[in-house]
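Please open the structure in your viewer and keep the selection tool at hand.

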Amino acid sequence: MTFELTRRHFLGASAALAGGAFALPALAQDKAELKFSAVFSEQDIRANMIKIFAEAVSGSFNVQPYYGGTLFKQGTELVALQRGNLQMGNIAPQDISKQIPEWSVLTSAYLFRDAAHVTAFFASDIGAEFKQMAEDKLGIHILGPTYFGARQVGLKPNKKINTPADMAGIKLRMPGGDAWQFLGEALGANPVPLAYAEVYTGLQTGAIDGQDNPLPNVKNMKFYEVMSQIVMTSHLVGYDLLTVSSEVWKAMDADTRKTFQEAANKAMAWSQEQHLAQEQSLVKEFKDAGLEIYTPDIDAFRKFAQDKYLSSDLAKSWPAGVLEKVAAI
């Protein structure tokens with residue numbers, strides 16, 4: 001009797017252990033894995049933004065970040081999302097405009113005034129229309145903009161730049177893609193497509209004369225080491241879009257979506273504050289490092305760029321009245 005009782009307990013315990021062994025993977029699978037890809041480095045403020053976000057949603061999701069374009073190269077993240085090879089990304093609006101021409105207006109020079117204007121736009125009714133357009137046509141859900149600084153022109157040559165005419169002949173590195181290349185032309189430069197990771201060497205060897213990036217990027221990638229000056233054109237408020245695939249978003253219940261969005265909002269707001277503070281301090285830091293930093297004729301740059309855009313084929317796809325609606329926000 002004693003043996004049988006002990007044997008039954010043993011078999012019961014074994015079954016429980018076996019059940020537990022199978023239950024653990026099932027529980028782990030309930031915590032969905034989200035691969036996140038971005039071109040920025042692990043030292044970037046936005047990497048900490050993703051860390052803040054990942055911790056906030058860690059109860060339901062395991063966010064696996066990949067930085068520096070190690071998982072997907074710059075410009076390929078959107079297609080990876082659409083193919084189901086990626087669940088989250090920090091997507092450039094220029095990449096969206098490749099597939100949705102109407103989005104090119106959101107990549108045009110001197111459209112947004114500052115970081116707050118970008119945030120207000122995507123929270124507005126007109127911003128919701130653009131986000132819905134991306135959801136319907138691309139299968140991605142946009143959580144919001146990730147500000148990373150106003151783009152400035154950094155040059156290796158000592159040539160003084162005051163108007164777009166002074167940019168003639170300047171080989172200015174721009175990311176690949178029509179929207180980016182057109183932006184370089186809208187500054188009066190000769191745009192040259194070059195991968196982000198190759199910009200330092202390009203400046204060093206003279207393959208390019210300059211690059212356009214926000215000051216925090218110049219710091220992170222050490223471009224200042226191979227430049228002589230920074231022209232504060234502030235021609236584009238730099239932002240990407242924190243994005244999740246629509247498949248992942250639609251699979252969430254209402255409460256999970258709310259938590260997910262609130263976590264993203266908190267992380268993006270923190271990142272924006274950090275970038276704004278860093279931009280202020282970097283001007284002095286770069287001057288102390290020996291770079292010349294000055295503001296050109298902004299009105300001349302704005303007029304040249306806006307005329308260039310409005311007379312281009314890009315503007316033909318822009319929704320009627322969109323410029324006025326954005327300006328009114």
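Helices (H or I, at least four residues) and strands (E, at least two) are DSSP runs, numbered from the N terminus. This is a predicted model, in which local features need pLDDT of at least 70, side-chain atom pairs count only at pLDDT 80 or more, and totals for chains, interfaces and linings use all residues. Residues are numbered from 1 along each chain as its sequence is written, and side-chain values use heavy atoms, with hydrogens and water left out.

**The whole protein**

Select the entire protein first. The protein contains 13 helices and nine strands, and its C-alpha trace spans about 100 × 45 × 30 Å along the principal axes. Of its 329 residues, 49% are buried; buried means under 20% relative accessible area, exposed means over 50%, and partly exposed lies in between (1.4 Å probe, protein chains only). Among contacts (heavy atoms within 4.5 Å) with a separation of 6 or more, 76% join residues 24 or more positions apart.

**The largest cavity**

Next, select Pro93, Gln94, Leu106, Thr107, Arg151, Trp180, Leu236, Gly238, Tyr239 and Asp240, which line the largest cavity. On a 1 Å grid over the protein atoms alone, a cavity is a set of points where a 1.4 Å probe fits but cannot get out, and lining residues have an atom within 4 Å of a point. A search of the whole structure finds one cavity of 30 Å³ or more. The largest cavity holds about 40 Å³ of space; grid points are joined across faces, edges and corners, and a volume is the space filled by probe spheres set on the points.

Which element gives the most to this lining? Strand 8 does, with four residues. Helix 4 (93-99) and strand 8 (229-245) each supply at least two lining residues. By class, the lining has five nonpolar, three polar and two charged residues. Here Ala, Val, Leu, Ile, Met, Phe, Trp, Tyr, Cys and Pro count as nonpolar, Asp, Glu, Lys and Arg as charged, and the others, Gly among them, as polar.

**Thr233**

Remain on strand 8 and select Thr233. Is Thr233 buried or exposed? Thr233 counts as buried because its relative accessibility is 0%. Leaving aside neighbours within four places in sequence, Thr233 is in contact with Tyr110, Arg151, Gln152, Val153, Pro296, Ile298 and Phe301. Among these, Arg151 also lines the largest cavity.

**Helix 7**

Select residues 178-186, which form helix 7; seven of its nine residues are buried. They are Ala179, Trp180, Gln181, Phe182, Leu183, Gly184 and Ala186. Trp180 is also one of the residues lining the largest cavity. Then select Gly188, which follows helix 7 and has a positive phi, near 90 degrees.

**Gln272**

Move to helix 11 (residues 254-288) and select Gln272. Gln272 counts as buried because its relative accessibility is 17%. Its side chain makes a polar contact with the side chain of Thr119 (3.1 Å). A polar contact is a pair of N or O atoms within 3.5 Å; within protein, one must be able to donate a hydrogen and the other to accept it, and residues adjacent in sequence count only if both atoms are side-chain atoms. Not counting residues up to four places away in sequence, Gln272 touches Ala115, Ala116, Thr119 and Tyr147.

**Lys73**

Finally, select Lys73, in the loop between strand 2 (61-66) and helix 3 (77-83). Lys73 is exposed because its relative accessible area is 66%.

Note on methods. 1 Å grid on protein atoms, 1.4 Å probe; cavity = no way out; pocket = protein on both sides within 12 Å on 5 of 7 lines; lining within 4 Å.
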